[in-house]
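Hi there,

Here is the structure I promised to pass on. Have a look at it first, and my notes follow below.

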Amino acid sequence: MADWSRLLFEKRFGDLLGRPKPEGKPTGPEFAEGQFRLPQERDHDRILFSTPFRRMGDKTQVFPLESIESIRTRLTHSYEVANLARSLGVEIAVLLKNDLPDNAIRTVPATLAAVGLAHDIGNPPFGHQGENAIRAWFQRNSNALFNPPKPDEFAEIAKDVSQLTEQHKQDFLQFEGNAQTLRVLTKLQVIGDDLGLNLTLGTLAALMKYVASSDKIDKGKQARKKVGFFASEQKLVERIRSEVGLAGDARHPLALVMEACDDIAYSVLDAEDAIKKGVASLNDLLASLGYHQNGEDELDPVVSHLCKLSRWEYDVLRRQKLHPSELQDVATQKFRVHAIHLMVSAVAQAFKDNYQDIVKGNFDGELIKISQAAALCDALKDFDRQNAFSHKSVLEIELNGYNTLNRLMDFLWIGISERKVYKDLDSKRTSPFSAYVYSRISKNYRRIFEGKVEQYHPEVGLPVRYREMQLLTDMVAGMTDQFCIDLHDDLLKHYREMRPVNGTPT
C-alpha cells in the first residue's frame with residue numbers, strides 16, 4: 001500500500017528548517033484559539049490570498065484581455081482547474097477509499113484544489129509567447145551573457161561567468177513557467193525570509209508536473225518533458241521529494257491528476273471562449289468533432305455520445321424560443337458541462353485502473369491520454385488550434401507581447417548589470433537611467449537577489465551572473481500584461497542611447 005502519510009506530508013519547510021516562533025504573542029479570546037482547517041486546506045487559502053495569484057487576473061489565457069467579462073484570464077482558468085481538480089479528488093477518494101487514508105475525502109481534494117490554483121502562478125505575461133520571448137532574449141544575448149569577457153580589467157567578471165554550468169545556462173535558454181511557479185511559492189513571496197508561502201511539502205510535491213533539471217530534459221519521457229525546477233531550487237526539490245518518498249522519475253500521484261485537469265480545462269474551455277468570442281459557433285464545434293474521414297460510424301464512442309447529447313440539448317432549448325444569441329450561449333454551456341463530466345469521469349477511472357503503477361512510480365504517461373476521453377480531448381485541441389490559437393487577435397497580442405518583452409528585458413538588464421562593483425549587488429548604478437530602472441524592480445525580488453532576507457534554504461553557491469539573470473526572469477515573469485506594457489513605455493520614454501564621438505569629419 002502506498003504511504004499516503006508521506007505523499008500528503010503535512011510539515012512545512014519552516015518546521016523542518018527550524019524557523020523560530022516569535023515570542024510574546026498575545027493570547028486571544030478562547031473562541032478564536034482553535035484551528036479546524038487541515039494543513040492542505042490552509043495551503044489552498046494561502047495561495048488564494050497571495051499577490052501573485054491575484055495578478056493572474058491581468059494575464060492573458062488565450063484571447064487578449066478585453067471588455068467581454070466571460071472570456072477567461074489566467075486567473076479564471078486557475079479557478080476552474082482548481083474546481084475540476086477538487087471534484088476529481090472527491091471521485092478518487094470515493095473510488096479508492098479502501099486504499100487511501102481515512103481523511104482522504106478532505107486531504108486529497110484540498111491538495112488538488114491548492115495545486116490547481118497555483119499551477120500557473122509562475123507563467124509570464126502574454127500567454128505561452130511570454131515564455132518564448134524570455135527564451136529568445138537569452139538566446140539572442142547568449143554570447144555576451146554566457147562567455148567570459150577577455151580584457152584584463154574584467155578579470156573578476158570573467159572568473160564568475162566561467163563558473164556557469166550547462167544547467168545554469170539552460171535554466172534560461174529553456175525557461176519554464178512550471179519551474180518558476182515552484183520558485184515563486186517557495187522563495188519569492190518574501191515576508192522576512194526565503195520560505196515563500198511556506199506550504200506543506202506534500203502540496204509542493206503534487207505541484208511539480210515535471211521532475212527534470214534543465215540539462216536533463218528527455219522529450220521521450222513525460223516526467224522529463226520540460227524543466228521541473230531551476231538550479232536555485234534543486235536542493236529544495238531534493239528535500240521535498242525525499243520527505244514525501246519520491247525517487248527517480250516518479251511523479252506525485254496527484255500531480256498526474258492536476259495535469260489532467262489542466263488539459264480538460266483548456267481543451268474544453270478554450271473552445272467555449274472561441275464561441276463566446278464569435279470566431280466559431282457551437283455548430284462549427286459539433287461539426288468538427290463529428291467529422292471522421294471514414295464516416296460517423298467510425299467516430300470514437302465518447303465523442304459520438306457527446307455530439308448526440310449536445311444536439312439533443314440544443315433541440316430541447318430551441319423549443320423554449322430563446323433569442324438566437326441566448327440559445328447559442330446556453331447550449332454551449334450545456335456542451336461544456338457534459339464534456340467536462342465525461343472527461344473527469346474518464347480520468348478518475350483511468351487513475352483507478354492504473355493505481356498500482358502510479359503509486360509505485362512506474363507510470364510515465366498522461367491520465368487523459370490513456371483514458372476513454374483521449375479522443376475527445378485530442379479533437380477539442382484540434383478545434384482550439386484551428387479556431388482559437390490562430391485567430392488574428394490572439395496572434396496580434398502574442399506578437400506585440402513578444403516584442404514588448406524583448407525590448408523591456410533589454411532595459412531591465414541595464415538596471416541589473418550596470419553597477420559600480422560587480423560583487424556588491426546593491427552598489428551604486430553607473431548611470432541615472434540604470435539607477436532608475438533598478439528602482440522599478442520589485443523590492444521583494446531585489447531583497448532575494450541582494451541576499452538581504454533570512455536564509456533557511458541551503459546556499460547553492462550560484463554565480464553572480466546566474467543571480468543577475470534570475471532577477472531579470474523573476475521580474476518579468478511576475479508582471480501582468482498591462483504592467484509589462486506600461487513599464488516598457490515608461491522606460492522607453494526615459495532611455496537615451498549615449499554614443500562616444502569619434503572626432504573625425506564624416
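A nonpolar core, as I use the term, is a set of buried Ala, Val, Leu, Ile, Met, Phe, Trp, Tyr and Cys residues joined through side-chain atoms within 4.5 Å. Buried means under 20% relative accessible area, exposed means over 50%, and partly exposed is in between, with a 1.4 Å probe and protein chains only.

Before the findings, a word on the model. It is a predicted one, so local features need a pLDDT of at least 70 and side-chain atom pairs count only at pLDDT 80 or more, while totals for chains, interfaces and linings use all residues. Residues are numbered from 1 along each chain as its sequence is written, and side-chain values use heavy atoms, with hydrogens and water left out.

The pLDDT is the predictor's confidence in each residue, from 0 to 100. Over the protein chain it averages 90, and 93% of the residues score at least 70. Helices are DSSP runs of H or I with at least four residues, strands are runs of E with at least two, and both are numbered from the N terminus. Confidence is highest in helix H10 (residues 166-173), at a mean of 98, and lowest in helix H21 (residues 392-417), at 87.

Now to the core. The largest nonpolar core has 142 residues, and the members that touch the most others are Phe138, Leu367 and Leu412. What is Leu412 in contact with, leaving aside its neighbours within four places in sequence? The partners are Val437, Ile441, Leu472, Met475, Val476, Met479, Leu487 and Leu491, where contact means heavy atoms within 4.5 Å.

A disulfide is a covalent bond between the sulfur atoms of two cysteines. Here a disulfide is counted as a pair of cysteine sulfur atoms within 2.5 Å, and by this rule the count is zero. Cys307 is in no disulfide, as the nearest cysteine sulfur, that of Cys377, is 15 Å away. Cys307 is also buried, at 3% relative accessibility. For Cys377, the closest cysteine sulfur is in Cys261 at 11 Å, too far for a bond. Cys377 is buried as well, with a relative accessible area of 1%.

Next, the charged pairs. Side chains of opposite charge can pair when their charged atoms come close. A salt bridge here is a side-chain nitrogen of Lys or Arg within 4 Å of a carboxyl oxygen of Asp or Glu, and a search of the whole structure finds 29 of them. In one, Asp120 pairs with Arg74, the closest N and O atoms being 2.7 Å apart. Asp120 lies in the loop between helix H6 (104-118) and helix H7 (128-140) and Arg74 in helix H5 (residues 74-95), so the pair ties together parts that are 46 residues apart in sequence. Asp120 is buried at 6% relative accessibility, and Arg74 is buried at 3%.

Some other salt bridges to look up:

- Glu259 pairs with Arg251, with the closest N and O atoms 3.3 Å apart; both Glu259 and Arg251 are buried.
- Lys369 pairs with Glu366, with the closest N and O atoms 3.2 Å apart; Glu366 is buried at 10% relative accessibility.
- Arg183, Lys187, Glu233 and Asp474 are linked in a network of salt bridges.

Finally, a few residues in loops. Asn198 is not a glycine, yet has a positive phi of about 55 degrees. Asn198 sits in the loop between helix H11 (177-188) and helix H12 (201-207) and is buried at 8% relative accessibility. Lys321, not a glycine either, has a positive phi of about 55 degrees. Lys321 is in the loop between helix H16 (301-318) and helix H17 (324-353) and is exposed, with a relative accessible area of 76%. Glu459, in the loop between helix H23 (443-450) and helix H24 (464-477), is exposed at 66% relative accessibility. Glu459 and Ser232 are 227 residues apart in sequence, and their C-alpha atoms are 8.8 Å apart in space.

Best wishes
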